[in-house]
Amino acid sequence: MSQSFRPVKEVWNAQSSCFVEPEELIALLHDLAARLGTASAEHEYEDKKAVWLEGGTKVLDYMEADERFNAASFKDSLEEQGVVINKNDLTTLTDNMRSLAKQWRSSIGEHGELVFYIDAC
């Protein structure tokens, strides 16, 4: 069986509080990717989870400027998937993500990916 390895350059950028449970945040990130027709993947490390999103620029453009990036839209979509989430907490989260999107642009990888580490919330 062939395997490979590579060095990884990690850049820690501005963080956000989760405001919601980690599983809810992860579901939101996957939902966001699905809305944009881009791939997403989840990886677990010892003390955190990572959510990888293809098309980081597209993701951040949506966060910053699209009117559909709001709590009401995500609440309905997540509830259709069985994820029950507090709307006020979700509003705080989406507003915070929108305000940080510009800063997060410097975290887009050389292949256009955007990775979020989710520490214990």
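I take helices (H or I, at least four residues) and strands (E, at least two) as DSSP runs, numbered from the N terminus. On that basis I read the elements of the protein chain, from the N terminus on, as α-β-β-α-α-α-β. That gives me 4 helices and 3 strands.

Note on the source: this is a predicted model, where local features need pLDDT of at least 70, side-chain atom pairs count only at pLDDT 80 or more, and totals for chains, interfaces and linings use all residues. Residues are numbered from 1 along each chain as its sequence is written, and side-chain values use heavy atoms, with hydrogens and water left out.

Overall shape next. I looked up the radius of gyration (over C-alpha atoms; the globule rule is 2.2 Å times the number of residues to the power 0.38). The protein chain has 14 Å, which agrees with the value near 14 Å for a compact globule of 121 residues. Along the principal axes, its C-alpha atoms fill a box of roughly 45 × 25 × 25 Å.

Then burial: 36% of the 121 residues are buried, meaning under 20% relative accessible area with a 1.4 Å probe, protein chains only.

How far apart in sequence are the residues that touch? I count contact as heavy atoms within 4.5 Å. Among contacts between residues at least 6 apart in sequence, 71% join residues at least 24 apart.

I find Ala71, Ala72, Phe74 and Lys75 in α3 meeting Lys87, Leu90, Thr91 and Thr94 in α4.

Notes. Buried < 20%, exposed > 50% of the residue type's maximum accessible area, 1.4 Å probe, protein only.
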